[in-house]
Amino acid sequence: MHPDLDRLIRLQRLEDLAGHARRVIADEPTRQQDLDARLAAAQKRLDDERLHLDTNRAARRELDKAIAAQQGRLSKFRDQLMEVKTNREYHAVQKEIEVAQSELQKLEDQLLERMIESDEVNAALKDAEHAFADEMAAIAAERDELARQAAESKHSIGAVTREREAMVKDLNPALLATFERILKLRKVSAVAEVRDGRCSVCQVRIRPQVANDLRHNDMIFQCESCQRILYYPVAAPAQS
């Protein structure tokens with residue numbers, strides 16, 4: 001393989017490594033925000049269930065008061081029933097008792113519904129508490145992993161920078177300038193493999209004679225469409 005072509009291929013691999021590391025670092029704030037959003041959602045579910053339970057308890061307290069008041073009215077009417085003098089008064093008080101008993105039954109039914117609801121709300125609250133604890137642990141682990149990846153990426157960028165500086169010293173300055181110009185223009189890569197007679201990036205077919213000459217990887221040739229430097233991938237030696 002042409003020495004400079006080999007250096008360009010290795011230089012592109014270094015650029016790919018550095019690019020990946022830079023993306024990891026750049027994406028960290030967004031990924032942290034995603035974790036914050038997940039935690040906030042778990043916290044909201046927990047807060048909603050706690051509020052639901054508080055609302056249920058408040059409703060039960062109010063119903064207890066209303067039941068006690070209704071029981072007081074019913075007791076009063078029963079006392080009055082013992083003191084009536086006429087049938088008319090008796091029937092009037094009896095009617096009040098029936099109404100009070102009906103209202104009391106409604107209140108007791110409502111209280112029973114709230115008590116059943118309380119069991120469901122308590123169960124939902126426990127689920128939310130467990131889910132929140134699990135999410136907290138998972139998010140903490142993911143934050144540790146993000147920190148590890150960021151530190152590793154920063155280290156990788158430093159190592160790549162040092163290796164790149166050493167490599168370009170032996171590279172033809174004109175070729176290095178071409179490489180950097182293409183990289184700046186195309187953003188992604190300045191070097192591309194030839195696959196099935198085409199540039200693997202832009203997919204433009206290479207003239208047959210040129211493709212045949214490129215198989216030896218002993219020349220520097222740029223894609224006539226995207227200008228990337230082309231090479232044929234070297235097959236790994238077969239293991240015995």
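In these legends, an angle between two elements runs from 0 to 180 degrees and is taken between their N-to-C directions. The model shown is predicted.

**View 1. Overall arrangement of the protein chain.** The protein chain contains 4 helices and 4 strands. Along the sequence, these elements follow the pattern α-α-α-β-β-α-β-β. The radius of gyration is 40 Å, well over the 18 Å that the globule rule gives for 240 residues, so the protein chain is more spread out than a compact globule. Taken along the principal axes, the box filled by the C-alpha atoms is roughly 125 × 45 × 35 Å.

**View 2. Packing of helix 1 with helix 2.** Helix 1 comprises residues 3-81 and helix 2 comprises residues 87-168. Two packed helices are described by the angle between their axes and by the distance between those axes. Here the angle is about 165 degrees, and the axes of helix 1 and helix 2 lie 5 Å apart. Because angles over 145 degrees count as roughly antiparallel, helix 1 and helix 2 are described as roughly antiparallel to each other. The crossing of helix 1 with helix 2 is left-handed. The residues that form this contact comprise 42 nonpolar, 15 polar and 28 charged.

**View 3. Packing of helix 1 with helix 3.** Helix 3 spans residues 173-186, and its axis is 11 Å from that of helix 1, at an angle of about 35 degrees. Helix 1 and helix 3 cross in the right-handed sense. Helix 1 contributes Asp4, Leu8, Leu11, Gln12 and Glu15 to the contact, while helix 3 contributes Leu175, Leu176, Phe179 and Leu183. By class, the residues of this contact are 6 nonpolar, 1 polar and 2 charged.

View 4. The strands stand in the order 2-1-4-3, and their pairing is mixed. Strand 1, residues 191-195, pairs with strand 4, residues 229-231, in the parallel sense. This pairing of strand 1 and strand 4 extends over 3 bridges. Glu193 stands opposite Tyr231, a residue of strand 4.

**View 5. Helix 1 against the sheet.** Helix 1 lies across strand 1 and strand 4. The angle at which helix 1 runs to strand 4 is about 105 degrees.

Methods
Residues numbered from 1 in each chain as written. Predicted model: local features only at pLDDT ≥ 70, side-chain atom pairs only at ≥ 80, totals over all residues. Heavy atoms only, no water. Helix = DSSP H or I, 4+ residues; strand = E, 2+ residues; numbered from the N terminus. Parallel < 35°, antiparallel > 145°, perpendicular 65-115°, else oblique. Left-handed = near helix turned anticlockwise from the far one by under 90°. Nonpolar A, V, L, I, M, F, W, Y, C, P; charged D, E, K, R; others polar. Pairing = 2+ DSSP bridges. Contact = heavy atoms within 4.5 Å. Rg over C-alpha atoms; globule rule 2.2 N^0.38 Å.
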